[in-house]
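Thank you all for making the time.

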Amino acid sequence: MTTDISWLPLSLRKNIDLPKVVYEPVNDLYGGYFINGTKEIIVVEYEPQVPSTIVHEYCHYLQDISGKLPTKGSNVSLFEKYSYNKAIRLYFRTQWWEMEALLLEHKIAPTAVSRFWLKALVLPSDTKFVEDICM
């Protein structure tokens, strides 16, 4: 697995102090995370999702260094209160920073999961889905 993020588009890396990618064992709760104020992106070792997780968490890193990332964490407790489908809708629709990260993830390193979340869960059902949605 790569700890290098030089594969990200130059437009996302230019003039930025790049974070370090750190791996931790697989878990069932999340694919990765970024802690405000750090220079580390944490990724669980689930190979097919690694590039999309790196992009998603890198977006949070960019939000943080620009002063836009809220100091409170994401509301992961939604998944304890609601069904997965309802929780994922609320998670992305009520937290702009998560939606922004999902859109960038889908643009740079799309996966079946990001496509499913956008098409089936997050976007309104009458939204026409196109691959370049976040361009």
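The model is a predicted one, and the mean pLDDT of the protein chain is 81, with 81% of its residues reaching 70 or more. Among the elements, helix α2, residues 50-65, has the highest mean pLDDT, at 92, while helix α6, residues 112-122, has the lowest, at 77. Over residues 131-135 the pLDDT is below 50, and although this stretch has 10 contacts in the model beyond near neighbours in sequence, I would be careful with them. Where pLDDT is low, the predicted coordinates should not be read in detail.

Turning to the layout, the secondary structure of the protein chain comes to 6 helices and 3 strands, and from the N terminus on the elements run α-β-β-β-α-α-α-α-α. Of the 135 residues in the chain, 41% are buried. If we take the contacts in the chain with a separation of 6 or more, 49% of them are accounted for by residues 24 or more positions apart.

Let me go on to the interior. In soluble globular proteins, nonpolar side chains tend to be buried together. Here the largest nonpolar core has 20 residues, and those with the most contacts inside it are Ile5, Val21, Tyr23, Val43, Ile54 and Tyr58. At least two residues of this core are supplied by each of β1, β3, α2 and α5, and the largest share, 7 residues, comes from α2.

The structure holds 6 aromatic pairs, and one of them joins phenylalanine 34 and tyrosine 61, whose ring centres are 5.7 Å apart and whose planes stand at 85 degrees, so the pair is edge-to-face. This pair links distant parts of the chain, given that phenylalanine 34 is in strand β2 and tyrosine 61 in helix α2, 27 residues apart. Phenylalanine 34 is buried, with a relative accessible area of 10%, and tyrosine 61 counts as buried too, at 2% relative accessibility.

Now to the charged side chains. How many salt bridges does the structure hold? There is 1, in which the side chains of aspartate 17 and lysine 39 meet at 2.5 Å, N to O. Aspartate 17 lies in the loop between α1 and β1, and lysine 39 in the loop between β2 and β3, so the pair ties together parts that are 22 residues apart in sequence. Aspartate 17 is partly exposed, with a relative accessible area of 48%, and lysine 39 likewise counts as partly exposed, at 47%.

Aspartate 64, in helix α2, presents another picture, in that this residue is buried yet has no salt bridge. The nearest side chain of opposite charge is lysine 39, 9.5 Å away.

I will finish with two loop residues. Asparagine 15, in the loop between α1 and β1, has a positive phi of about 60 degrees although it is not a glycine. Most residues other than glycine have a negative phi, and most peptide bonds are trans. At 76% relative accessibility, asparagine 15 counts as exposed. Proline 25 is found in the loop between β1 and β2, and at 63% relative accessibility proline 25 also counts as exposed. Proline 25 and glutamate 45 are 20 residues apart in sequence, while their C-alpha atoms are 5.8 Å apart in space.

Terms used:
Residues numbered from 1 in each chain as written. Predicted model: local features only at pLDDT ≥ 70, side-chain atom pairs only at ≥ 80, totals over all residues. Heavy atoms only, no water. pLDDT = per-residue confidence, 0-100. Helix = DSSP H or I, 4+ residues; strand = E, 2+ residues; numbered from the N terminus. Contact = heavy atoms within 4.5 Å. Buried < 20%, exposed > 50% of the residue type's maximum accessible area, 1.4 Å probe, protein only. Lys, Arg positive; Asp, Glu negative; His and termini not counted. Salt bridge = Lys/Arg side-chain N within 4 Å of Asp/Glu carboxyl O. Core = buried A, V, L, I, M, F, W, Y, C linked by side-chain atoms within 4.5 Å. Phe/Tyr/Trp six-rings, centres within 6.5 Å; stacked < 30°, edge-to-face > 60°.
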